[in-house]
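My entries follow in the order in which I made them.

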Amino acid sequence: MGLFSFSFTLMHILLLLSVFQHTLAGSQPLCQDEERSALLQFRQSLTVVQCSFDDYPSAYPQVASWSQEEENSDCCLWDGIKCNEDTGHVIRLDLTSSCLHGSINSSSSLFQLVHLEWLVLSNNHFNFSEIPSEIKNLSRLTALSLSNSSFSGQIPAELLELSKLESLDLSFNNFHLKLQNPSLGNLADKLANLKVLHLGQVNIASTVPHALANLSSLFFLSLTDCLLQGEFPAEIFQLPKLAFLTLTYNHYLTGYLPEFQNSSVLVDLRLSHTRFLGKIPDSIENLESLDSLGIRGSSFSGKLPPSVRNLTKLNHLYLSGNDFSGELPASLGKLSSLKTLEIILCNFSGKVPDSLGNLTQLDSLTISETNFSEQNSYSLSWIPKLNQLTYLDLSGSKITGEILCLLSNLTEHTQINLAHNQLTGPIPFCFMNLNKLSTLYLHNNQLTGHIPVEVRKLNQLQILRLAENQLEGSVPNSIFELRNLQALDLSYNNLSGTVDLTMLLLNIN
């Protein structure tokens, strides 16, 4: 799911929780002199570097607005800062994606801002600084985010003294941060008010403590890629307010899905690339708010229960790489909100149910390398009903017969993969009307005939793979009019004639 593209940042989660207001009310006193001085010292201890807009489109050096000049001396008006409306104390410092580089050490003036309630330093580069023990000075903090900011070392015990914390995000410091002594269990014992806990890619390397199940206010829990091991405590699934749970990429973490209660508020459940096993319980239907279920690359088995049809709010379903058996339930066709369905390397048998044609909101459909029975291309007549589809992958699906013009109605298509089937006959001319197509994989089939001259109409095409077929004739010069083409594979066919390499090099990126 890759990290699938539905990741929730700390800021988004806090918006959902409505923990803080984001606008300043009317008039307020000037900021405190000592806090303005501390902020300026903090700025001077760091370097503003060239912002990476590719990674962070909203990146902006917010400290550029900080100044000692008289007309700009009120630090409460500086970018990234919010002050208490009555006292003028700085209570919020948010320097997300501010292009900052440098070290933060124990003498940093940052720790003089003792009235801070919110500190966000995400998406900067702090030169692999260790989190100083002086973090304990910021005892009023309710939200702390140091994510993706190149911190390193053991998370200090002093951080666990911030007993008012409701949101803690130390994620994606590329395994440089450790939570081992103190441990995750110590953290759960000390920070009892947590609503958001994001420790993705923190090196924890332990079992998951049962103490996490005592965090009754927990709304968001992400322990992705933390080197976790042992069996995951099932009672954590039952936390009354838990809406987002991510355990992905913990390859030695085992566990089972519990019997879900109808009081569950889970919205997003991600267990991909773990060793969770057993059956999907019928009670999965009680997750009435579930938007995304990702279990790819795990060890689930048995039949997929027909009760999944009751997950009417489900938008994303990733089932790949499990050991399921039996037929894919036709009841999947009841998931009318589904936008993504992925089934790769599963052991489902029988035929692909026609009821999938009812999933008219699907944007992405992948059914690849499965044990479904051989199917003629005519049996896919339900696919044209999916008129929102942009991504279709039916590679390795034992499809026989000619490529029909069924797909030509899907004008929103950007990627089609029909490779590794037993498709025969020519490449249909109707495919040449899919003018939004960026990727077309038809390799490893038994296609015959010529490459259509009309291929020039696919002017958005970036990747074209027609290798290992039985295509014949010459390579049409029109293929070199595809100015966006980055990869072309025509190998292992019966093509003849010559290719103008000069034209090739001039026109292909």
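I looked up cysteine 430 to begin with and found it buried at a relative accessible area of 12%, where buried means under 20% relative accessible area, exposed over 50% and partly exposed in between, computed with a 1.4 Å probe on protein chains only. Before going on I noted that this is a predicted model, in which local features need pLDDT of at least 70 and side-chain atom pairs count only at pLDDT 80 or more, while totals for chains, interfaces and linings use all residues. I also noted that residues are numbered from 1 along each chain as its sequence is written, and that side-chain values use heavy atoms, with hydrogens and water left out.

Which cysteine is joined to cysteine 430? I found a disulfide (a pair of cysteine sulfur atoms within 2.5 Å) to cysteine 405, with an S to S distance of 2.0 Å. The torsion about this S-S bond is -100 degrees, and the link is left-handed. The pair connects distant parts of the chain, 25 residues apart, with cysteine 405 in the loop between β26 (399-402) and β27 (415-417) and cysteine 430 in the loop between β28 (422-425) and β29; here helices (H or I, at least four residues) and strands (E, at least two) are DSSP runs numbered from the N terminus. Cysteine 405 is partly exposed, at 39%.

I then asked how many disulfides the rule gives, and the count came to 3. One of them joins cysteine 31 to cysteine 75, with the sulfurs 2.3 Å apart. This pair also links distant parts of the chain, 44 residues apart: cysteine 31 lies in the loop between α1 (10-17) and α2 (33-44), and cysteine 75 in the loop between β1 (47-48) and β2 (81-83). I recorded both cysteines of this pair as buried.

Another disulfide is formed by cysteine 76 and cysteine 83, at 2.1 Å between sulfur atoms. Cysteine 76 is buried at 1% relative accessibility, and cysteine 83 is buried with a relative accessible area of 1%.

My last entry concerns histidine 443, which sits in the loop between β29 (439-441) and β30 (446-447) and is buried at 6%. Leaving aside residues up to four places away in sequence, I listed its contacts (heavy atoms within 4.5 Å) as Ala419, His420, Arg465, Leu466, Ala467 and Asn469.
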